[in-house]
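Good morning, and thank you for joining this group meeting.

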Amino acid sequence: VQLQASGGGSVQPGGSLRLSCAASGINFKLHTMNWYRQAPGNQRDLVASITSGGSTNYSDSVKGRFTISRDNVRRMLYLQMNTLEPKDTAVYYCNTIARGSPFWGRGTQVTVSS
């Protein structure tokens, strides 16, 4: 299983970014996919999830600002992040559970600063 996240960068508060995650080695359309983030000194926290059926769930801190989506044909996971705030600064990881084990992408850095 390989998960490769991309799309991070540096933006000013109020800006937007779109993260992407390319998945391989799994039957992508059958798996719940997740975005996590980890800020320095903090634990890795769940940001958003999307089930195989397209149901979504968000942490309270991003609800209304972030949108998770998936393209089962391209085996891609996305996270559209709008109205970014400095507290969103973190390394963002895509994640899934396959064959009973969690799999993580390498992560992509998001920095929100003026």
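Predicted model: local features only at pLDDT ≥ 70, side-chain atom pairs only at ≥ 80, totals over all residues.

Let me begin with a definition: a residue is called buried if its relative accessible area is under 20%, exposed if over 50%, and partly exposed in between, using a 1.4 Å probe and protein chains only. At 1% relative accessibility, Ala48 therefore counts as buried. Residues are numbered from 1 along each chain as its sequence is written, and side-chain values use heavy atoms, with hydrogens and water left out.

Let us stay with Ala48, which is placed in strand β5. Strands here are DSSP runs of E with at least two residues, and helices are runs of H or I with at least four, numbered from the N terminus. Which residues does Ala48 contact, leaving aside its neighbours within four places in sequence? They are Met33, Asn34, Trp35, Asn57, Tyr58, Ile68 and Leu79, where contact means heavy atoms within 4.5 Å.

I turn now to the chain as a whole. It has 11 strands and 0 helices. Its radius of gyration, taken over C-alpha atoms, is 13 Å, close to the 13 Å that the globule rule gives for 114 residues, so the chain is as compact as a globular protein of that length. That rule is 2.2 Å times the number of residues to the power 0.38. Buried residues account for 42% of the 114 residues. Among contacts between residues at least 6 apart in sequence, 52% join residues at least 24 apart.

Next, the interior. A nonpolar core is a set of buried Ala, Val, Leu, Ile, Met, Phe, Trp, Tyr and Cys residues joined through side-chain atoms within 4.5 Å. The largest one has 28 residues, and Trp35, Leu77, Leu79, Met81 and Tyr92 touch the most other members. Strands that each supply at least two residues of this core include β1 (2-6), β3 (17-24) and β5 (45-50).

Finally, the aromatic rings. Rings of Phe, Tyr and Trp (its six-membered ring) pair if their centres lie within 6.5 Å; planes under 30 degrees apart count as stacked, over 60 as edge-to-face and the rest as tilted. How many aromatic pairs does a search of the whole structure find? It finds 2. Trp104 itself is partly exposed, with a relative accessible area of 35%. Tyr93 and Trp104 also form an edge-to-face pair, with 6.3 Å between centres and 85° between the planes. Tyr93 lies in strand β9 (residues 90-98) and Trp104 in β10, so this pair ties together parts 11 residues apart in sequence. At 12% relative accessibility, Tyr93 counts as buried. Through these ring pairs, Tyr36, Tyr93 and Trp104 are linked into a cluster.
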